[in-house]
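Colleague: Could you walk me through this one slowly? I would like to learn what the words mean as we go.

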Amino acid sequence: MKDQFVVPARLKKTSFVLMGVGLLTLLIGLVAFRGEHSTRFWAGLLQNSSFFLLITLASTFFIAATTLAHGGWQIAFRRVPEAISMAVPVLAAILFVVVMILVFGGRDDIYHWVNPHHVAEDKVLTWKSAFLNKGFFTIATILTLGLWVFFTVRLRKMSIEEDGWDLRPETGRKLLWRNTVVCGAFLVVFTLSVGSTTPWIWLMSIDAHWFSTMYSWYTFASTWVSGLALISLFVVYLKKHGYLTFVTEEHLHDLGKFMFAFSIFWTYLWFSQYMLIWYANMPEETEYFQPRVWGQWRPIFFLNLLINFVTPLLFLMKRDTKRNYTAIVFIAIVIIFGHWLDFWQMVSPGTVKDLVFPWFEFGLGLGFVGLIIFLVANQLTKAALVPKNHPYLKESIVHHT
Amino acid sequence: MAVKKFVVGLFDDEAVLFPAVKKVRTAGYKLHDVYTPFPVHGLDHAMGLRETSLHTAGFIYGITGTTTALSFMSWVFNVDWPLNIGGKPHFPLPAFIPITFELTVLFAAVGMVYTFCYLCQLMPFVKKHIFHPRQTDDKFVMVIEVTEKTNAEEVKSFLAAAGAQDINEQKAEAGWWFGRWDKDDEPYLRKIQTTNA
């Protein structure tokens, strides 16, 4: 049984090439978008860093949610989301640098509430300044990023430490209990951050006048389904290279079901946000959808729905596709790309304004993908691929849907 | 439906049942059904049952619901009784979506329940022969149909070798029938000759 991952030279090369593409795009962007065009440079960075941070954080959420639900089926590949979640510290650092430059770098084209003159002249922004101010933004960002990194690293550390334990029932109970406590605490933090404040201050405050209570959940659904797709991609990759002996198409089937269900969940939130605003038809709310539905962004708006709802719905409906490795890889890539596009249409209409071919954003995205591949492959080598002392391991091995 | 002859065997444990099912199939006997106290994973596969088409039926019911909702609402608000509601267009798709969704789910759910009942031959007041009183209680009951090519005595000894207890031969209606257990089951069987054996 191959239980110790060794990074294949090809994967390493791929990750370096992708990171190179990202870096090159960043440099080209630095030259191409100067002065008044620099908005696009920062919008692209904000979009990509927040998207990729949140989809890797979805792996921590996956571990926490399945642990609290006393799920057993995921144990055979639990080390995969663990390894993906270990990309969170690096991506959190990148995002932190980006948003701090946006807030304190003397620019107000992304977050126009950072400009005190705008706020003073603007009733709405003045009223919101109790919440939308530099101090609150910074403290909330540091607090959430710090807590995410703390819990992610803690869960990973505990899991590796447990490899040195034994299989006695008391040890198993102790293992489950301490995992439950840490996961429970993480989920409280997660709900208060991703489920509430964090997407408001990082992304929704781009359109500082507009507000939507669905926004955070919408962002969560988007990144959670992409996070599941990311986990599936790594699971299939490892399986195809002869690792993860205990993972069968039964586990893949469940991951497929998750992707199917949460694609529908995303659509549900997408529609809930849209329909209430459409129904009430109030100018302060519809201004967000004006450029997206009736402006230049119209094709992207409907493409978003086509890629993220119709495609997974019809494609993953059949049992056979959920159990097919190639089909899962295909739909996982489609889902990640689709939600990347979703983030693009969340960030760009309020900042860049005009619809342009997103070569810069996409190049940066490839760089982030390379970075994630590099970090995750590196993390996968640091521990055995099967947590051999987990009391639910057997349940996962005999898992049958 | 038809009255047929069966050999019935009782099993205590699914660990004994599984190899027995496989043996019966390799021996070429016609397996009528296996009754279990709880859903046994993989038994359908071991019995050689084909994958159910219930989900295909569900999909068809679902899109029927979608079409019904959309076409009915469009007809009402555009053709039959156009109303100006809050200045909204006469074909307000976002407003139609919740109802379309609900009707899709309703059609799919109700349709699938009835189809499931039909496929399993379950309906109010409709009965099926019970081969053993404990068949869905705490015992596993295997029923083998006695065809023209089958020797009932041979099947009995075969089942005994496979670990079955309480082996007996029964003449019973194979499908569902309408009536009452106390009045119809026995007299009904006495009146009619079996079609096989």
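Modeller: Here is a chat about some helices, a few loop residues and the scores.

Colleague: What should I know before reading the numbers?

Modeller: This is a predicted model, where local features need a pLDDT of at least 70, side-chain atom pairs count only at pLDDT 80 or more, and totals for chains, interfaces and linings use all residues. Residues are numbered from 1 along each chain as its sequence is written, while chains are lettered from A and ligands numbered from 1 in the order in which they are written.

Colleague: What are the scores of the model?

Modeller: The model has an ipTM of 0.79 and a pTM of 0.89. For chain B, the average pLDDT is 87, and 91% of the residues score at least 70. The term pLDDT is the predictor's confidence in each residue, from 0 to 100.

Colleague: Why is H7(A) called roughly antiparallel to H8(A)?

Modeller: Helix H7 of chain A covers residues 134-162 and helix H8 of chain A covers residues 169-202; their axes cross at roughly 155° and come within 10 Å. That angle makes H7(A) roughly antiparallel to H8(A). The cut-offs are: under 35 degrees roughly parallel, over 145 roughly antiparallel, 65 to 115 roughly perpendicular, and the rest oblique. Axes are lines fitted to C-alpha atoms, for helices over the stretch in contact, and angles run from 0 to 180 degrees between N-to-C directions. Helices (H or I, at least four residues) and strands (E, at least two) are DSSP runs, numbered from the N terminus.

Colleague: Which residues make the contact between H7(A) and H8(A)?

Modeller: Among them are Phe137(A), Leu147(A) and Glu162(A) of H7(A), and Leu175(A), Phe186(A) and Ile201(A) of H8(A). Being in contact means that the C-beta atoms of two residues, placed from the backbone, lie within 7 Å. By class, the contact of H7(A) with H8(A) has 12 nonpolar, five polar and three charged residues. Here Ala, Val, Leu, Ile, Met, Phe, Trp, Tyr, Cys and Pro count as nonpolar, Asp, Glu, Lys and Arg as charged, and the others, Gly among them, as polar.

Colleague: What makes H9(A) roughly antiparallel to H10(A)?

Modeller: The axes of helix H9 (residues 215-240) and helix H10 (residues 249-280) of chain A cross at roughly 160° and come within 9 Å. With that angle, H9(A) is roughly antiparallel to H10(A). Trp217(A) and Val235(A) are among the residues in H9(A) that meet H10(A), where Phe258(A) and Trp270(A) are included.

Colleague: How do you know whether Pro387(A) is buried or exposed?

Modeller: Pro387(A) has 21 other C-beta atoms within 10 Å, so Pro387(A) is buried. The rule is 20 or more such atoms for buried, 12 or fewer for exposed, and in between for partly exposed. Pro387(A) lies in the loop between helix H16 (359-380) and helix H17 (393-397) of chain A. Phe77(A) is 310 residues from Pro387(A) in sequence, yet the C-alpha atoms are 8.6 Å apart in space.

Colleague: Why is Lys353(A) called partly exposed?

Modeller: Lys353(A) counts 15 other C-beta atoms within 10 Å, so Lys353(A) is partly exposed. The loop between helix H15 (325-351) and H16 of chain A holds Lys353(A). Its phi is near 70°, a positive value in a residue other than glycine.

Colleague: And what makes Gln121(B) partly exposed?

Modeller: Gln121(B) has 14 C-beta neighbours inside 10 Å, so Gln121(B) counts as partly exposed. Gln121(B) has a positive phi too, of about 55°.
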